[in-house]
Amino acid sequence: MADCLLTGGIDIDCTDLKSVGGVSKEFYATSLANIASYQENASGYVTRIVLQPYTSLYKFSSVKRAHSKTTNLVVQAGANKLFEQVFTAKLFATSPTDDEVIEDLAVVDSVIFSKDNNGRWFALGLENGMELTAYTQGSGTEAATDTTDTLTFTGQEIRKPRRLELDGGTLQALEYLTA
């Protein structure tokens, strides 16, 4: 068995302690097949994303505190390890066109670009894609019942969600890719 070595430590400063939980009310997604390539800098940030010709990212909007993301370490029976990435979105699908988008998401491997409430951007499923693994839409008996469409995407990657620091600014670069 190969020896796996620890190659660094993690430090903390006051800025790290001033952190807000949660995910932005907007995220972007595309089909994994639309990602032609991406580049990383020496620090490990994804700095450039190239899409296949005639494809784009799609923007999804909701309300504050609607979406969430988690990453879990999964240990397989054979001792290999992976990071399970989970993104949950709550969307307001109010038309047949919106329903069709959700139906499409159910059958494609997606890459999701999400910003946390500290302004840091992440790419989930950048290597293997995110699969829609759960979906619910309901309306209960109370007037205040949640009526959103709740989508849970799950992906297995060998690395945690990738941090983005795109050339020209992350939001501007993602907006450009939606054109």
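Q: What share of the contacts in the protein with a separation of 6 or more comes from residues 24 or more positions apart?
A: That share is 64%, where contact means heavy atoms within 4.5 Å. This is a predicted model, so to speak: local features need pLDDT of at least 70, side-chain atom pairs count only at pLDDT 80 or more, and totals for chains, interfaces and linings use all residues. Residues are numbered from 1 along each chain as its sequence is written, and side-chain values use heavy atoms, with hydrogens and water left out.

Q: Why is Asp116 called buried?
A: Buried means under 20% relative accessible area, exposed over 50%, and partly exposed in between (1.4 Å probe, protein chains only). Asp116 has 9%, so Asp116 is buried.

Q: What does Asp116 touch, not counting residues up to four places away in sequence?
A: Asp116 touches Gly22, Val23, Ser24 and Phe122.

Q: What makes the pair of Asp116 and Asn118 a polar contact?
A: A polar atom of the Asp116 side chain lies 2.8 Å from the backbone nitrogen of Asn118. The cut-off for a pair of N or O atoms is 3.5 Å; within protein, one must be able to donate a hydrogen and the other to accept it, and residues adjacent in sequence count only if both atoms are side-chain atoms.
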